[in-house]
Each structure stands twice: as C-alpha cells, then as structure tokens.
Amino acid sequence: AMLRRRIVYIIGTHDASEAVELLLTFAYSGRGGIPCLCRARALEILFAVATHDAIAQLQQPSDVRRYFQALLYLEDFEYVGIPQSTADFLDCNKAALARSIWVEHHQNPRAIQLICSMCLDFGVEDSELMLRMLPRLAEAGMFWYVAGVLETVASTRCYAGLEELPVLWNQALVERMLRVARSGLPSDWVDDGLAVLGACVRSRYLPATDVAALVRALIRDAEASGPGGVALPLACVALDILPYSQAAEEAVAHCIGGLAPDSIGLLARQLLGFVDAAATTAGSQVFVDWRLSRSLTVMFDCVDEREIYEPVLLHPSQARTASAFVQNRIRHDRLRAAVRTCVASGKRQLATLLVAQYYGVRPAGVLAEDARRAGVGLDGAVDAGAADDSCTTGNMDTTTQPLDADTLDVSRQTRARAARITDSQKLEIYLHAHQ
C-alpha cells in the first residue's frame, strides 16, 4: 500500500496526458519479463489517477478494462500452471475454457476458484458445473468465497431454482460462524459476528436459513471449548437476529439451564455488549432490541426458576444485567413473583435493589401512584440518605429509558417528594401496591 501511494504521488507530478501514456506504454509493452501482475498494477494506478476522457485520448477505456481483467486472470493461470496468452484468453470461448480447466484441474481448489470466477465474470451459465465446483470449494474451507458466489448466482435465472444452493448456503453460514467463535480473538468476535449475520440478514437465502442447525452447531462448539468462549453468545445472537425457530430456542434454553450462575451472568454481559456494538458500529445493518431478546428471556427465566439472583445480578459488573432483568420481567409480568421470592427467601437486600431498578425505569408518576395505593403519604418521605435506608441502588444502572410511553400527570412538588423516598420504603410500597 505504501509503495502504491508513492507511485501515485510520483505519477501525479507529471502532466495528465503524459502520465496516461507512460502507464499504458508499460502495461501494453511487448517486452518480455514483465509479470502480468505488474502490468495490472500499472492499469490499476491509471484508473486511480486518470479520468475516463484522459484515457480515451489514447485508448478505449472499455478495452483497457478488458485487458486489465485479462491480466489478472493470466496471473491466476500462471499460479495454477495453466499456459495461456493474453490474446488467446481475450478471444477464446470462456465457457469452453472453463469446462476444459475443470476436466484437467478439478482436484485443485485454486483452479476451481478460478473457473468459478470466470463463470461469474463472463456470464457462463452452467448449473451442472457450478454444482460440482461449490461443494469442492466448501471442502477446501473456502466458505467466504462460496457464500459470495451463492449471493451472486441467487438472482440468476439459471441457478435460482436449484435446491442445492440453500443447503450450501447453510453449510457456509455455519462454518463462518464457527470460525468467528474459534478465532481466538475475543475483541473481534462482535465485529466478525456482525459481518456474518449482517450478510445473512440481507441475503436472499434468509427465509431458507436453518437457524436451529446453526444454533446447535455453536452450542456443540461451546460445550467442547468450555466456559469463557464466544460460541454460546453467538448462538444467542443468532436466535435473536435470524428468523424465529422454536427448536433453536429450546436448544438455547437447554444449554443455559445447565450453566453455572457465574456463566449465566457472563453470557448476559456478552449478549448486551453485542447489542451495544450493533447499535454503534458504522455500517452495521443488524439491529437488536435487547428488550425483546428471546435469549435474555430464556436466561432470566432460568434465573427465576433456579432462584440464582445474587450471583447473576449482584456482582459489581452486573449493573446492566440487573437493569435488563428488571425490564424483561416487567415486560413479561414476572417481576412481582421475583421480588416476592427474594423476600420470602430472606434476600431482602436483593428485593430492594430490584424494586429500586423498577421505579428507576418506570414513568415518574408510577411511584406516587403506588404510594397512594399502598396508603403511604408522600409528605412523610425522608431524604435518600436517611439512616433507615438499609440499601441504596449503589452502582446499579438506573439510567435506562422507560419501557413504555405512558406517563402520569403529577405535580412538580409530588415528584420532588417521591424522589426523597428511600429504597427501603420503595420496597414496602411495591409489596403493598402489587399484592
């Protein structure tokens, strides 16, 4: 890249017509010993520094681009050991050439990729040949290339109705996601996962995507690699982003049900981190509303069922998770049961924190209305720092926006009094108002 910038800079010091002539002369030189790739690079720089009109004064731009494409192919021919001249390649029947290369080099993945690219670039429509090449490329692990080819041919009439293509698409999707999970770079899994899932969401094959097979493959990888990996959060993200699959949800629920509480907490943090990244990554076409996340609902149902609130929600790093738990339970009308379970089992501190989160994300007038229903006068509210407040929200996240847009018409004075109610008082108000 640095060398290219230097060449562009040097060429830029010449007159435009002189630069065009210099680059064209080098690319078309009959002198032997100049590699095809070097000639192609000269034309690449030409297209970068010269306008269409400037090139047209010496050569037809379309002919130059055709020659540029031929040079790139000749470089690939040389790499795989196929003798070919520029003139022969430009004038030959590309369909016949592709089939002849297949006969001689069908065991060479690089040669197969070359044939496949020729079919796409030159409009060679041969479904039988394509269905022979793509599985071979998949066997060679070239799943990104296979996925790109499948996207290209999906809109071509010759290939569009082939039943094998969705099967190949699902295979390529699973393998690409597994590569993200196994990359060994935890810092990159979000961006790489967004790239794969974003392409899937935009794909013509989205309705045919086997979400359950993808999720199961990621879960198997997570179970094999142990805790701390990213295969399981990727499975959860796939469940949330891709078309709904009951089988996929059941697989995720079964896996989460066997996790240790600390692992569930880590999984929730990973999933919420992915959601945040999807919302802020430039160019990302993946949108996840975590409030509607099926994966989080499965996790929090497990927390309720196993009553593992403290290790999942009280850890200092779980402030965001606690807020998400409260909002998820509100949406599914299960917060009251969770709070009462905590109180009944002697976990009053945790119940207090959950209720503080609840009133933190609800419209301002909800607390005043609940206090009225509980028969608690706001005139008696004390300062938040009073001695009888045995537990405050601490580092809990109370900045999340309300779940809905409903508001209660309360006076500024009432709001101020409600703000002075302690967390301990909020718990009592909640328990009385939500019997």
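Me: Is Asp333 buried or exposed at 66% relative accessibility, and which class does that give?
Reply: In this predicted model, Asp333 has a relative accessibility of 66%. The classes are buried (under 20% relative accessible area), exposed (over 50%) and partly exposed in between, with a 1.4 Å probe and protein chains only. Because its value is 66%, Asp333 counts as exposed.

Me: What pLDDT do local features need in this model?
Reply: Residues are numbered from 1 along each chain as its sequence is written, and side-chain values use heavy atoms, with hydrogens and water left out. The model is predicted; side-chain atom pairs count only at pLDDT 80 or more, totals for chains, interfaces and linings use all residues, and local features need pLDDT of at least 70.

Me: Where does Asp333 lie, and what is its phi?
Reply: Asp333 sits in the loop between α20 (319-331) and α21 (335-344). Helices (H or I, at least four residues) and strands (E, at least two) are DSSP runs, numbered from the N terminus. Most residues other than glycine have a negative phi. Asp333 is not a glycine, yet its phi is positive, at about 55 degrees.

Me: How many helices and strands does the protein chain have?
Reply: Of its 435 residues, 46% are buried. Its secondary structure comes to 25 helices and zero strands.

Me: Which residues does Leu43 contact, leaving aside neighbours within four places in sequence?
Reply: Contact means heavy atoms within 4.5 Å. With neighbours within four places in sequence left aside, the partners of Leu43 are Leu24, Ala27, Val64, Tyr67, Phe68 and Leu71.

Me: Is His434 buried or exposed?
Reply: His434 lies in the segment after α25 (423-433). Apart from neighbours within four places in sequence, its contacts are Arg336, Arg340, Tyr358, Tyr359 and Asp370. Because its relative accessibility is 17%, His434 counts as buried.
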